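The following exercises concern a two-part reading of one model, with a worked solution after each task. Please inspect the sequence and the structure before starting.

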Amino acid sequence: MLKLRDGIIELYKKVATSIPGDVEDALKTAYSNETEPLIRESLNVILQNIKIARTTSRPICQDTGFPVFYVKVPKGLSHQLIRDMIMDATRIATDKIPLRPNAVDVITEKNTGDNVGEYFPFVYTEETGEQSLIVDLMLKGGGCENLGQTYKLPAVLTFGDKEAIAERDFDGVRKCILDAVFKAQGKGCPPYTIGVAIGGAKDQVTFLSKKQLMRRIPDIHTNAVIAELENKILNDINRLGIGTAGLGGRTTAIGIKIATAHRHPASYFVDISFSCWANRRGRLIW
Amino acid sequence: MLGKQKGKADMVEKSAVSSQQSASKRINTPLTEDIVMSLRIGDIVLVNGLIVTGRDKVHKFLAHEKPDKKDIPFELHDGIIYHCGPIIKKVDDTYKLIAAGPTTSMRVEMYEADVIKTYGIRGIIGKGGMGEETLNAMKEYGCVYLHTISGAAAYLADRIKNVRDGWKIEEFGAPEAMWLLEVEEFPAVVTMDARGNSLHRDIEKISLTKLKELFLEKRGIS
């Protein structure tokens, strides 16, 4: 089991120091679509930074994030054991890579110094029928995490001195997402990847919207209606003109991924999670 | 796909950051009022000299406790505060900087005007821009906001030559401490100047106009 711990440390290193190929490709496309020198230069710096981080094995961003694990555990293997191993690996990875210590005790306001604390890292485990253990890791930046929003439909959205109603339909969903992106502006390092969940329980939609950020950018939703919705909303978002680093231009988001869950008749939640351009995710199969 | 859109979308792209690109300007700390007043939004600058980091805890502390200047180990007057929580590793007796990009500036909006006024800050480096209160303080006291590329932590760390010292490391934790950094050709864009102009406000206005249009379109899924 020592080797699994080393595997998780390696996973941390890979996720912190390199971004997935599909995200890098999307950023390169964004670069080639821009014309304004300042915006092109901003994307150029981002692409250079990705290269420097990868070749020098340094974190892409100084905010190495809130580590979130989604683990599929084969039958018979202890979930608690996996959790303990993740905590051990986190301590070592923080020192070795190094990661920025991000776990702050809410009561004492002290930073634990090793990225381990109460519910930190956050670990979701589920049993799988497969033989392999699958460990997915997301290093979630704090700036973009702060931009997340939960809407309860119907909702009144204010914009400037006006109001719009988001009703309980996909146009209402679209309006909520646009409202969230407008409020986000350039504060959380665009171009964003956006995860959305529509459903009937508050905790369920926040979990699902964040988990959508694990989907690859070219991934097309299996449901054609949702796939079309994702496309339309991405187009709309990119008409807002917020752009790279909030400096304007054509690419405010590189992808939007929507999940659905059956809802209670009384409830219609729309939850939105943002990832900065450095959407850091990775998988270890054991 | 977006490149094919004509008309209004094209206008949006051009209006905020017009093509008034200038060659980059080299500025040295401590900044003078003349330097600050010479900078306009859209200018690209390369910062050289000493700067200090300060983020959430530092700002809350400075604004609430108002420590005496003599109790702060670094000179803040005419200086630059960098909104940054770096990764710094202590190797023997020296601090090694690993990664150091900007953090979201807007979180310290409630403190910044006060900090600029009390400590005579001439420059803020951060990301995402700041609000009206800070913009007004910048105009009143002569200060600029220098936007640097978010998430470019390795790229920017390579332009920080030295970690001179740190303050409040134990108390605030390493990411939130005040670090004294020596920078060389550190790149940034002036996005809020001392004349009351803000590129962030301009972009927000443009996106609000677009948002209104998009809200009015009934584009439900068929």
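Is Y124(A) buried, partly exposed or exposed? Y124(A) has a relative accessible area of 29%, and is therefore partly exposed on a scale where buried means under 20% relative accessible area, exposed over 50%, and partly exposed in between (1.4 Å probe, protein chains only).

The model is predicted, local features need pLDDT of at least 70, side-chain atom pairs count only at pLDDT 80 or more, and totals for chains, interfaces and linings use all residues. Residues are numbered from 1 along each chain as its sequence is written, chains are lettered from A and ligands numbered from 1 in the order in which they are written, and side-chain values use heavy atoms, with hydrogens and water left out.

**Exercise 1. Describe the aromatic pair of Y70(A) and Y124(A).**

Step 1. A pair of aromatic rings is described by the distance of the centres and the angle of the planes. Rings of Phe, Tyr and Trp (its six-membered ring) pair if their centres lie within 6.5 Å; planes under 30 degrees apart count as stacked, over 60 as edge-to-face and the rest as tilted.

Step 2. Over all chains, the search finds 13 aromatic pairs. In one of them, the rings of Y70(A) and Y124(A) are 5.3 Å apart centre to centre with 5° between the planes, a stacked arrangement.

Step 3. The two residues are 54 residues apart, with Y70(A) in strand β1 (residues 66–74) and Y124(A) in strand β2 (residues 122–128) of chain A. Helices (H or I, at least four residues) and strands (E, at least two) are DSSP runs, numbered from the N terminus.

Step 4. Y70(A) counts as buried, at 7% relative accessibility. Y70(A) and Y124(A) belong to one aromatic cluster with Y119(A), F122(A) and F207(A).

**Exercise 2. Characterise the interface of chain A and chain B.**

Step 1. With contact taken as heavy atoms within 4.5 Å, chain A contributes 65 residues and chain B 63 residues.

Step 2. Buried area is the accessible area (1.4 Å probe) that two parts lose on being put together, summed over both. For these chains the value is about 5,600 Å², 61% of it on carbon and sulfur atoms. Of the area that chain A buries against chain B, L38(A), Q62(A) and R239(A) supply 14%, more than any other three residues.

Step 3. Three salt bridges cross the interface, each a side-chain nitrogen of Lys or Arg within 4 Å of a carboxyl oxygen of Asp or Glu. One of these links R58(A) to D158(B) at 2.9 Å, N to O.

Step 4. On the side of chain A that touches chain B, α3(A) gives the largest share, nine residues.
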